[in-house]
Amino acid sequence: MKNTLDAATKQMASQIIYQIFPERFAIGGGLSSAAKLAQAAYSHPDIVKRGWDDTTLDQPWGMQFFGGDLDGIAEKLDYLLDLGVTGVYLTPVFTAPSNHKYDAVDFFSIDPMFGGEAALLRLIAALHAKGMSLTLDAVLNHVSDSHPWFLAAKAGDATKRDWFSFTDDGGYLCWQDYGQMPELNLSTPAVRDILYRQPDSLVQHWLAKGVDNWRFDVAQDVGIEVAQEMATIIAQRFPKAGLLGELNGFSGSWFQAGGGFKGMMNYWYRTATLAWLAGEIDALQMNYALKDARAAYGLSGLLCSWNMLSSHDTPRLLTTVGSVEKAQLAMIMQFTLPGIPLVYYGEEIGMEGGADPDCRRPMRWNQGDWNHAQRQFMQDLIRIRQSNAALQYGDVLVLGDRLAGNALVFLRYTDIPGEAALVIVNLASQPLMTKLLLPYSHWYDGVPLHDAFGVAPACRVQAGSVVLNIPSQSAAIYLVSEPYQHYNFFKLRNR
């Protein structure tokens, strides 16, 4: 059961990432939405200007603006540090006509709405001063139909024509038939050169400016071969840079192919977790979802993937599950399953919101709007995870598939004997009362276990087993302790 990981993988797996939709998080300099939206960057006639507390629902798609920017994020870093966050992920920040910026017109400039390049550099400096990382969002698959590259290609520029895929009927390939987002032709060498191959390419340019990691949009459209080539090239100049892909589904093939993205957005966990909480699948499928991910992703791939329960593309957690109690069970799974917790802004204070654009409501900064108990619960979860090596980068042994009932059960463990955590999520309407055999050699007879949240009673390992008594609709995170003054269970010589 020994699994040796390199230091870079352990470091990456130990992160807590906070996702921000920059247009909706905070406005720098104490400005109101009205004052910020009066700036020249918002003068386009199609823009709809909103107050920070206005609804997101009655909008032309992508053109409703509230005024959030990068300086606003920099001013809130102490809030994130207090929560326990170690890194920030931003949806696209490059110059684009929309509020979401997935339709770039210039990959080499930061949108003036967000404060331009100077604001990005200020944010990078502020993050690094606090020991935090920055992950930017790259869209290699498509651009805006007003991007100069596309306008030139459409006008017949021979040097840009094959950067896109035009059809015989005068049309062109575009992302999911959105004509505003023509697809780049990644088979063209010049396109790969400007996106990631050359030292002054999109990916390398911003890494050189201090960006730490990249998340790549619509990984299935980027493709495994491009991801592999990009990873090889980037590693030569930026060996510490993390490259992560977005795939809304099971990502096993991306790791089995070798190379490419270090991790993926683990929508697989989200699908399984929410389906189980909703009663759409049983515990057997939930336990097998974890087993399947471990088998197909590999340990490193699973540990370096983002465990997410919501994002700018999905309804918020509380809206989806319908109760704080179920939301907290989902969060326990998010922070204890192998992988990097990805917290979508506002989830820690209980923000609600349905499908896009409702999930992109502006962040609530009035503490009277907060669910303070929810924020404290997440702080506690982060503290528990970050103080336990097994929960950060340990391997996983699934045990719930061998129990009757409706529970997810798994053991996390590192290669150091005794460094482990036992997690039980009991979704049944009655307590889980059973003896569980533990096929793990380094929780010795008599080792005491306590639930980190104090919900389940303490117990002791008994000859390779534990007696569980987990209340209904609750979870336990069992950790070990050394109870004796003159005796140690976990001796250094066993390490």
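Which residue meets Asp369 in a salt bridge, side chain to side chain? Arg364 does, with N to O at 3.9 Å. Asp369 itself is partly exposed, at a relative accessible area of 43%. Good morning, everyone. Before I go on, please keep in mind that this is a predicted model.

Let me stay with salt bridges for a while. Searching the whole structure turns up 24 salt bridges, and I have picked a few to show you.

Take Lys130 and Asp78, please. Their side chains form a salt bridge, 2.7 Å from N to O. This pair ties together distant parts of the chain, 52 residues apart. On one end, Lys130 sits in the loop between helix H5 (116–129) and strand S7 (133–138); on the other, Asp78 belongs to helix H4, residues 77–83. How accessible is each partner? Lys130 is partly exposed, with a relative accessible area of 34%, while Asp78 counts as exposed at 52%.

Now turn to Arg192 and Glu225, another salt bridge, where the closest N and O atoms are 2.8 Å apart. Here too distant parts of the chain are linked: Arg192 is in helix H7 (residues 189–197) and Glu225 in helix H10 (residues 224–237), 33 residues apart. Arg192 is buried, because its relative accessible area is 10% and the cut-off for buried is under 20%. Glu225, at 42%, counts as partly exposed.

Next, a pair of packed helices. Helix H12, residues 267–277, packs with helix H15, residues 324–336, at an angle of about 145°, and their axes are 11 Å apart. The crossing is right-handed. If you zoom in on the contact, Thr273, Trp276 and Leu277 come from H12, and they meet Lys326, Leu329, Ala330 and Met333 of H15. By class, that makes five nonpolar residues, one polar and one charged.

Asp356 and Pro357 are joined by a cis peptide bond, with omega about 15°. Pro357 is located in the loop between strand S12 (340–344) and helix H16 (372–386).

There are also positive phi values in residues other than glycine. One of them is Val218, with phi near 35°, in the loop between strand S8 (213–216) and helix H9 (219–222). Another is Ala463, with phi near 50°, in the loop between strand S18 (459–460) and strand S19 (465–470). Are these residues buried or exposed? Val218 counts as buried, at 6% relative accessibility, whereas Ala463 is exposed, with a relative accessible area of 69%.

Key: Residues numbered from 1 in each chain as written. Predicted model: local features only at pLDDT ≥ 70, side-chain atom pairs only at ≥ 80, totals over all residues. Heavy atoms only, no water. Axes fitted to C-alpha atoms, helices over the stretch in contact; angles between N-to-C directions. Helix = DSSP H or I, 4+ residues; strand = E, 2+ residues; numbered from the N terminus. Left-handed = near helix turned anticlockwise from the far one by under 90°. Contact = heavy atoms within 4.5 Å. Nonpolar A, V, L, I, M, F, W, Y, C, P; charged D, E, K, R; others polar. Salt bridge = Lys/Arg side-chain N within 4 Å of Asp/Glu carboxyl O. Buried < 20%, exposed > 50% of the residue type's maximum accessible area, 1.4 Å probe, protein only.
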